[in-house]
Amino acid sequence: MFERFTKDAREVVQGAVADSRRAGTRTVDAEHLLLALLELEGSRASFALAALGLAERREPVREALSRARRHAGLTRAESDALAGLGIDVSEIVARVEEAHGVGAMAGDRKDAGRWSGRRVSFGQGAKDVLEKALRIALAHRDRHIGDEHLLLALTALPGVAAEVLADHGVTYGTVTRVLYGDGGEAAKAG
């Protein structure tokens, strides 16, 4: 499948792996793919993000992803559902971090250097994004999988990345309109 990725899409995947390593995690998640997309410039996805006003709001997106990671990757809907059962996720996070340090619920490891040279694997969320990107590319009759397909997949799949993007006005519908317009023709970046 990776042979069908454009240069930009490959850069996103490589950036996600690098971000995962920097964060000290062993698994690449959908959130790492989003962070890597935010760093890419001059691509179709960066064009769409800029057109939707996200280019100048990168830091709030990073902060929202960090908050969600500290809450064990729970979406607001999941936290609200737990609150309905009388479980205060913020209180649990505070207690766990008090006992084990900030980021304990995120799975961040302080001894990351001991295994940093080892292979990083792709978590189910990242695998789902890559598979959905392929399906989106096929639906648009594209012969390649580009970073724009990764962005569309991130907005289409439920989870923290889609929630954070939607909070900033970036949804499957808005990205599709920017990239393909009303007639379905692909818009050019630049």
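The protein chain holds 10 helices and two strands. The model is predicted. From the N terminus, the order of elements is α-β-α-α-α-α-α-β-α-α-α-α. The chain has 190 residues, and 41% of them count as buried. Take the contacts between residues at least 6 apart in sequence: 66% of these join residues at least 24 apart.

**The nonpolar core**

The largest nonpolar core has 47 residues. Within this core, L34, L150, L151, L154 and V175 touch the most other members. The elements that each give two or more residues to the core are α1, α2, α3, α4, α7, α8, α9 and α10.

What does L34 contact beyond its neighbours within four places in sequence? Its partners are V61, L65, L154, A161 and L165.

**Helix α7**

Helix α7 covers residues 124–139. With 16 residues at 1.5 Å a residue, α7 should span 22 Å. The end C-alpha atoms of α7 are 22 Å apart, so expectation and model agree.

Seven names make up the buried list of α7: A126, V129, L130, A133, L134, I136 and A137. Down the helix axis, these buried residues fall within an arc of 165°, so they line one face of α7. An α-helix has 3.6 residues a turn, so residues three or four places apart point the same way. On the other side of α7, Q124, R135 and A139 are exposed.

The buried residues of α7 pack against several elements, including α1 (7–23), α2 (30–39), α8 (147–156) and α10 (172–180). Both β1 (27–28) and β2 (121–122) are also among the packing partners of α7.

**Two arginines**

R135 lies in α7, whereas R141 sits in the loop between α7 and α8. Are these arginines buried or exposed? The relative accessible area of R135 is 53%, and that of R141 is 77%. The cut-off for exposed is over 50%, so both residues count as exposed.

| Residue | Location | Relative accessible area |
|---|---|---|
| R135 | helix α7 | 53% |
| R141 | loop between α7 and α8 | 77% |

The backbone of R141 stands out. Just after α7, R141 takes a positive phi of about 60°. R141 is a residue other than glycine. Most residues other than glycine have a negative phi.

R135 has a further relation to report. R135 and I145 are 10 residues apart in sequence, and their C-alpha atoms are 9.3 Å apart in space.

**Helix α8**

Why is α8 described as largely enclosed by the rest of the structure? Nine of its 10 residues are buried, so α8 is largely enclosed. The buried residues are D147, E148, H149, L150, L151, L152, A153, L154 and T155. These residues pack against α1, α2, α3, α7, α9 and α10. L150, L151 and L154 are also among the core residues that touch the most other members. One of them, L154, is in contact with L34.

**The α3–α8 pair**

α3 and α8 pack at an angle of about 50°, with 6 Å between their axes. The two helices are therefore oblique to each other. On the α3 side, R44, A45, S46, A48 and L49 take part. On the α8 side, they meet D147, E148 and L151. Those three α8 residues are buried.

Technical notes
Residues are numbered from 1 along each chain as its sequence is written. This is a predicted model: local features need pLDDT of at least 70, side-chain atom pairs count only at pLDDT 80 or more; totals for chains, interfaces and linings use all residues. Side-chain values use heavy atoms; hydrogens and water are left out. Helices (H or I, at least four residues) and strands (E, at least two) are DSSP runs, numbered from the N terminus. The expected span of a helix is 1.5 Å times one less than its number of residues. Buried means under 20% relative accessible area, exposed over 50%, partly exposed in between (1.4 Å probe, protein chains only). The arc is that of the directions from the helix axis to the C-beta atoms. Contact means heavy atoms within 4.5 Å. A nonpolar core is a set of buried Ala, Val, Leu, Ile, Met, Phe, Trp, Tyr and Cys residues joined through side-chain atoms within 4.5 Å. Axes are lines fitted to C-alpha atoms, for helices over the stretch in contact, and angles run from 0 to 180 degrees between N-to-C directions. Angles under 35 degrees count as roughly parallel, over 145 as roughly antiparallel, 65 to 115 as roughly perpendicular and the rest as oblique.
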